[in-house]
Amino acid sequence: MALSLFGGRRSNVFDPFSLDIWDPFEGFSAVASVPPSARETTAFATARIDWKETPEAHIFKADLPGLKKEEVKVEVEDGNVLQISGERSKEHEEKNDKWHRVERSCGKFMRRFRLPENAKVDQVKANMENGVLTVMVPKEEQKKPAVKAIEISG
């Protein structure tokens with residue numbers, strides 16, 4: 001993984017548009033011994049997001065099971081950075097509850113993607129259905145360069 005200038009890391013070295021928020025605990029097995037309350041933001045810090053490009057748009061899909069649309073924010077920053085963020089609340093604990101296993105993650109997440117120049121950032125649409133967030137960023141039509149035939153004299 002290549003480091004970016006902002007302390008983040010790219011999810012794909014060959015994709016200059018993809019930026020992740022750095023998770024210092026990712027892949028660190030000792031985190032399992034840390035109490036869940038101390039690591040709640042690290043477990044959910046890297047929401048998995050697919051980005052595909054079609055001839056008409058850039059489409060982002062994020063699996064966010066259990067989240068309501070009110071708990072997710074989709075924003076465009078600095079004119080060309082798509083930011084998807086949200087928070088899954090910690091489940092309410094009763095004083096007499098005895099937990100046997102805690103595997104579901106909670107906490108905040110944020111992902112940022114630098115959009116290409118052909119993105120119509122003023123026409124971004126987002127939809128949340130069955131725990132899947134879909135963000136569609138339309139693209140400007142590729143203008144084909146005008147070709148002018150030059151007559152050859154002689």
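The model is predicted, so local features need pLDDT of at least 70 and side-chain atom pairs count only at pLDDT 80 or more, while totals for chains, interfaces and linings use all residues. Residues are numbered from 1 along each chain as its sequence is written, and side-chain values use heavy atoms, leaving out hydrogens and water.

Across the whole structure, a search finds 3 aromatic pairs (rings of Phe, Tyr and Trp, the last by its six-membered ring, with centres within 6.5 Å; planes under 30 degrees apart are stacked, over 60 edge-to-face and the rest tilted). One of these joins Phe60 and Phe113 in a tilted arrangement, with 5.1 Å between centres and 50 degrees between planes. Phe60 sits in strand S3 (residues 57-63) and Phe113 in strand S6 (residues 107-114), 53 residues apart; strands are DSSP runs of E with at least two residues, numbered from the N terminus. Both Phe60 and Phe113 are buried (under 20% relative accessible area; exposed is over 50% and partly exposed in between, with a 1.4 Å probe and protein chains only). Together with Trp51, they form one aromatic cluster.

Turning to charge, there are 3 salt bridges (a side-chain nitrogen of Lys or Arg within 4 Å of a carboxyl oxygen of Asp or Glu). Lys139 pairs with Glu53 at 2.7 Å between the closest N and O atoms, and Lys139 is buried at 14% relative accessible area. Glu77 meets Arg112 at 2.6 Å. Glu77 belongs to strand S4 (residues 72-77) and Arg112 to strand S6, so this bridge ties together parts 35 residues apart in sequence.

Methods: Helix = DSSP H or I, 4+ residues; strand = E, 2+ residues; numbered from the N terminus.
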